[in-house]
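Thank you all for coming; I would like to take you through one structure this morning, going step by step for those who have not seen it before.

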Amino acid sequence: AMITSVHGRQPVHGSRKKFHALGDKALAVCEAVREQLITALGVAPELISIGRNGINTEQYQPCPAPINDKPVISIIGRLTGPKGELCYRLLDECLDLTAYRVQIATGSAVPERFLRFTEQVQFLGYVEDVPQLIAESDLVIGAGRVAMEAILMQRPIFAIGEALAPGLITLDNLNKAMASNFGDIGPKDLDIDFATLPQRIADALQANSPDLKLIEQVKAQYDLRAVTDQLEQDYQSVYVYKQRREMPIIMYHRFIKDDSEKGVHGTYMHVDMLEKHFKLLKRLGYQTLTFANLAEQGFAERLNPNKKYIMLTVDDGYKDNYELLFPLLKKYNFKAVIYAVTGEEFNRWDVEQADNPEKRVPLMSPAQIKEMADSGLVEFGGHTLTHPHLDTLDKDSQRFEIAENKTQLEQLIGKSLYSFAYPFGSHNHDSKDLAQELGYPFAVATNSGPLAMHEDKYQIRRIAIFPRTDVFGLWRKVRGNYTFRKREK
Ligand SMILES: [Zn+2]
């Protein structure tokens, strides 16, 4: 999988085919670039995400307005190309060089035509400490990263770049300004009404200090952490959909050793067949993962191309899990996640059912739960107190079911839980919100949720294993593309 960053306008003669050579997905640095890729190059909109240039926002702190005898205006940018033309016209047409003290920070040498301003304008050359310069300025003029830095320092920024002049950045125009990377990217160069600039700049100098909310919004969009998280998400999506491969999470319930223990619901598995499953998984080189592993190593680890991961999950917490599954986990050194109901002693939710009542099956004891958790081979997850259809309950009742079960399990095993399973896979918005609110990093559903699991960590899809799932059936289900093929049927 390959993702390309697109930082500026692309030459229009670049063909769609040529663009495709760039990768599976493109990250446009701002909305204007995205727009151009779609309209001028015909790139499909779903192939393009916004991927802003990250900035270490911790390096910049709000600072008080400076006290200057004359307003100090700092222009930060190149003196060559369209930026040079822009700067020249600002000095020539827009800025009152006697009323303001204008200083220019630039990496380039001062071009010939600027020499006539040297009496009135301070050319600083390359400035090492840009934050210090921003702190001393009553107004900063610049685009792109300069604008972000000024906003983070709570100094007024008049955004103007090679393409557009968004002007003084406020909460009202922030989104629009970000779309052009604060003036640098638009359909054409210097699309600016220079005649209006003197008044707009004078107004900007009179305006109140920038709103602190601007800082929060810029952090949310540009902070390195947010940007890299977004990038990692995009990589995972490209990988999963291109390879048509996702880590299988399979779901068992009960285990039996004799046919007489079969039930009327298809939720049992003969222990001999379970051992055949485990033998196959071992032979195919699978390693088992749990949600604690994913929380530690990052969710993307599940897609590590050098590993073959599977997650074994077992719902409800039946006593047979202790008697039949636990010995096999030890024998094959596999880990499993067991979702345990804690407010019942047997499967009352299935037994007290009008049509097709299930036989009575005991749940495991607290001592058995504790022993399995302590072994390191079983990670417990929540599954409510009484196994209700959560989507039929109001939010407070859902909260009670989920929270009490979590507290009971955590107190018993002395560790916090990493995941929750919706009973019957039934859930609504409240259920998902509660799983998150109550501190679960992940929640699993059954046959619902996006094909790429990271896209909704509170509706993670699982693959059901049925009594008739033999070794060949298991092989088909764990190959990694099962849910993709199933969806196409
Ligand atoms: Zn269940």
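This is a predicted model: local features need pLDDT of at least 70, side-chain atom pairs count only at pLDDT 80 or more; totals for chains, interfaces and linings use all residues.

The domain assignment gives domain 1 as 1-53 + 223-243, domain 2 as 57-210 and domain 3 as 247-488. I will stay for a while with domain 1 and domain 3, whose C-alpha centres lie 37 Å apart. How many residues of each are in contact with the other? On the side of domain 1 there are seven, and these are in contact with eleven residues of domain 3.

Between them, domain 1 and domain 3 bury about 810 Å², with 58% of that on carbon and sulfur atoms. Within domain 1, the residues that lose the most area to domain 3 are Gln 236, Val 240 and Tyr 241, which together account for 60% of what that side buries. As for the polar side of the interface, there are zero salt bridges across it, whereas six residue pairs are in polar contact there. If you sort the residues with which domain 1 touches domain 3, you find three nonpolar, three polar and one charged.

Let me turn now to a sheet, which is open, has six strands in the order β6-β5-β4-β7-β8-β9, and shows mixed pairing. At its edges are β6 (121-125) and β9 (167-168), each of which pairs on one side only. Further in, which sense of pairing, parallel or antiparallel, do β7 and β8 have? Strand β7, residues 139-142, and strand β8, residues 157-159, pair in the parallel sense over three bridges, and Val 140 stands opposite Ile 157 in β8.

Salt bridges do occur in the model, and the count comes to 20. One that I would point out joins the side chains of Glu 149 and Arg 145, at 2.8 Å from N to O. Both belong to helix α5, residues 144-152, and because they are four residues apart there, about one helical turn separates Glu 149 from Arg 145.

My last stop is Ser 448, which you will find in the loop between β18 (442-444) and β19 (463-464). Leaving aside residues up to four places away in sequence, Ser 448 touches His 427, Gln 459, Ile 460 and Arg 461. With Gln 459, the side chain of Ser 448 also makes a side-chain polar contact of 2.9 Å.

Definitions and conventions:
Residues are numbered from 1 along each chain as its sequence is written. Side-chain values use heavy atoms; hydrogens and water are left out. Domain bounds come from an automatic or database domain assignment. Contact means heavy atoms within 4.5 Å. Buried area is the accessible area (1.4 Å probe) that two parts lose on being put together, summed over both. A salt bridge is a side-chain nitrogen of Lys or Arg within 4 Å of a carboxyl oxygen of Asp or Glu. A polar contact is a pair of N or O atoms within 3.5 Å; within protein, one must be able to donate a hydrogen and the other to accept it, and residues adjacent in sequence count only if both atoms are side-chain atoms. Ala, Val, Leu, Ile, Met, Phe, Trp, Tyr, Cys and Pro count as nonpolar, Asp, Glu, Lys and Arg as charged, and the others, Gly among them, as polar. Two strands pair if DSSP finds at least two bridges between them. Helices (H or I, at least four residues) and strands (E, at least two) are DSSP runs, numbered from the N terminus.
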